[in-house]
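Biologist: I have a structure to go through with you. Can you take my questions as they come?

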Amino acid sequence: MLLPKRSPPGIRLERKKDASLLNWNLKRPYPPETIHITVPSKATPCVRTGDKVVTGQKIAVPQTQNESVAGEGVSIHAGITGTVERIAELPNALGGKSLMIEIRRPREPKPTPAWDLRKDWEQIPAEKLAGIFQESGLVTTDPQMEPVHLKLARHGGARTVIINLCDPEPYITCEQVLALSHPVEILRGAELLKKACGAEKIIFAIENCNGEMIELIKSKIYFLTWSHVEVRTVPALYPQGLETLLLQEWFPGEACSAVVFPASTAFTVYEAVALGKPFYERVVTVGGECVVEPRSLWLPLGISFQNAIQACKGVMREPRRVLMGGPMAGEAQASLDVPVTAATSAILALPKEIAKEVVAEPCIRCNLCVDHCPVSLSPAMITLAAETKEFSTAREWGASECIECGVCAYVCSSKRPMLELIRKVSSLKESEVLHA
Amino acid sequence: MPETGYLQTRQLPPHIRSTDSLAKRFWGQGIALLPIFIAACFTGHAGILRVLLICLVSVVSVEFLIAKLSGKKDNLHNGEAVLTAALFSLLVPSRCASEIIIFGVFIISIIRAMFGGTGTYPLQPLLLARAILQLSFSNKMGEPMLLAGEGSLWVLVSIGLGGVLLMSQKKGYWENPVFFIAVCAVFKILGGAYGITAAFLSSVLFTAFFLLADPVVLPLTRRGNIYFVLGAGILSSCLEAGGFSISAATCALLWMSLITPWLDVLIRPVTFKSIKPLKATHPR
């Protein structure tokens, strides 16, 4: 009505990606002595203590594999060659415990097997792709870690596949570096995803400040002469580039007509189908001001954070906080012995002047959180209600629709723990809300 | 890697914060008032400095006493109490008796303490205190001399400069002062009888920039703010038929503050419910 059109929601953060982009050639570190591979709840280990395994060997199978062809779980594969030391509940990076398989490598590490290109991979029919994805253990390389075949089944009628090349968080460059190194593989992976879900179009989402990447992808599309692939830019703002916001911006009101995958997932899809390589490693950014040589590199799933940081020559000063993920939505770690998973996009060691301790003050209703919320919620109202234990009011104001991007807490003048309060409301069960 | 304190506690995201703070906001607003005090000294209103001094001394004393008695942190460190005292000194006549000024400052601090401190009060303590003084000492309380009479061009310029300083800090919506000034100007033109004087403009600008700058009593959306400001402008103009006064603006703002909770409930941000939200953080 009285207001001008709303500008793209989000905040402009200092990007701090230069340090890790200096070393943008992707390397694999020397294999660690042990790795701890997380077994998801819907998979069962198929190896026993003392078994010898090789890189890429299946070590866990989906629980429903015998009953239905496309069960809910995915297979899990060994990231290094070695011996299964133990299968036990061990701490994970989210502060809980998960079932993990510990593999210890021999004194002299074995060379990684070469994965040769299959001749007929382009002729594989669409209906067989879901089975390959499940067998190869493909999950999305975002915090949700949803099995790729399940996500495709959920978006059965999607007409567009969006490949997300954005790294909206500061420091993180894993998608960018992977796309600069393997643009054609990502394009072919995207084509396979399009084929698997029967879509008609592919859109590459790239941040508008990333001109080099835009030109690179456009040139590869030109050489492949694919007219159904399009490059679209998103503003270089946080949290622009998140799946929810891409759908909200480009497909308002018809979110089911598109499905979003990170570029690294498209790459793993290509490797699984064209090379037959299962998913056992991913590109992770190890960075932050405290790391000696910040960079993005290939890390086997299950490598500890300690070893990952050591692969970048360790730390030069004591960090205040070590994070899994970016500084806006990442998880602070209580131990460095936790393993890398498919959701680990970055390991950051931040010093005290960046990760400052803050003292919360009362809300003065300055509206900054409301104005900056990318999903147009009223974080002030939700958190004020949560503080007074009026959880049903907080729910009414849409606490469950929060995407937990952390923008409200970032901009808050009073430094209130907004995300903590919103999470508290979201995590409560209906009965607890009514009781409160 | 050294195994020390940084791994002992688990912190929730975000792990970085903006450089904004309450102290920055309040002291920034205080700095925006400086041109007005400087202009007052050079336009024969130096008496206002006496009022300012009384306000500052009494606010420091009262806040210190309240903090001692209640065992809570005082509001002096973040500049809120000092800002309120400085604003209050501009709202009372410069020849006002010292005891009335001290009583006013006492009311402000008591009201703020009663509701629980910063950010908790439903009505601006500053305006409430002025309204109470107006009712209690109606013969001694009038319009502030800086903004009454014929007015001064320099005072007008200083208020405008203060407003520009305040807006450059980007702590509020630009629509608030613009819409308020527009509504008051329209009513003044419709009233017709008295032309637009420097005093009228000074009072309107002062209200638009400084009295409408307290976000605690304003609605939580930009649209809500616009309705609040329009309502305040209309009420101020209607209460002082054919003109504008700080007393009328005080009443109008207090009235509008009372309906802020309704504005908050009625005017909500428009959410995008068609899309299933996917969290940016890791699911637990």
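Biologist: What radius of gyration does chain A have, and what would a compact globule have?
Modeller: Chain A has 22 Å, which agrees with the value near 22 Å for a compact globule of 436 residues. The radius is taken over C-alpha atoms, and the globule rule is 2.2 Å times the number of residues to the power 0.38. Keep in mind that this is a predicted model: local features need pLDDT of at least 70, side-chain atom pairs count only at pLDDT 80 or more, and totals for chains, interfaces and linings use all residues. Residues are numbered from 1 along each chain as its sequence is written, while chains are lettered from A and ligands numbered from 1 in the order written.

Biologist: What box do the C-alpha atoms of chain A fill?
Modeller: Roughly 60 × 50 × 50 Å, along the principal axes.

Biologist: How much of chain A is buried?
Modeller: 55% of its 436 residues. Buried means 20 or more other C-beta atoms within 10 Å of the residue's own, with C-beta atoms placed from the backbone.

Biologist: Which domains is chain A divided into?
Modeller: Domain 1 (29-105 + 280-350), domain 2 (127-275) and domain 3 (368-435). The bounds come from an automatic or database domain assignment. The centres of domain 1 and domain 3 of chain A are 32 Å apart, over C-alpha atoms.

Biologist: How many helices and strands in chain A?
Modeller: 15 helices and 16 strands. These are DSSP runs, numbered from the N terminus: helices are H or I with at least four residues, strands are E with at least two.

Biologist: What is the strand order in the open sheet of 3 strands?
Modeller: 2-4-5 in chain A, with antiparallel pairing. Strand 2 (43-45) and strand 5 (76-77) of chain A are the edges, each pairing on one side only. Two strands pair if DSSP finds at least two bridges between them. Strands 2 and 4 (residues 58-62) of chain A have 3 bridges.

Biologist: Which residue of strand 4 stands opposite A:Pro45?
Modeller: A:Ala60.

Biologist: Over to chain B. Is helix 8 mostly covered or exposed?
Modeller: Mostly covered: 11 of the 12 residues in helix 8 of chain B are buried. Among them are B:Phe200, B:Leu205 and B:Phe209.

Biologist: What do those buried residues pack against?
Modeller: Helix 6 (153-168), helix 7 (175-191) and helix 10 (246-266) of chain B.

Biologist: And how many residues of chain B are in contact with chain A?
Modeller: 47 residues of chain B, with 71 residues of chain A. Contact means C-beta atoms, placed from the backbone, within 7 Å. Helix 9 of chain B gives the largest share of chain B's side, 3 residues.

Key. Two residues are in contact if their C-beta atoms, placed from the backbone, lie within 7 Å.
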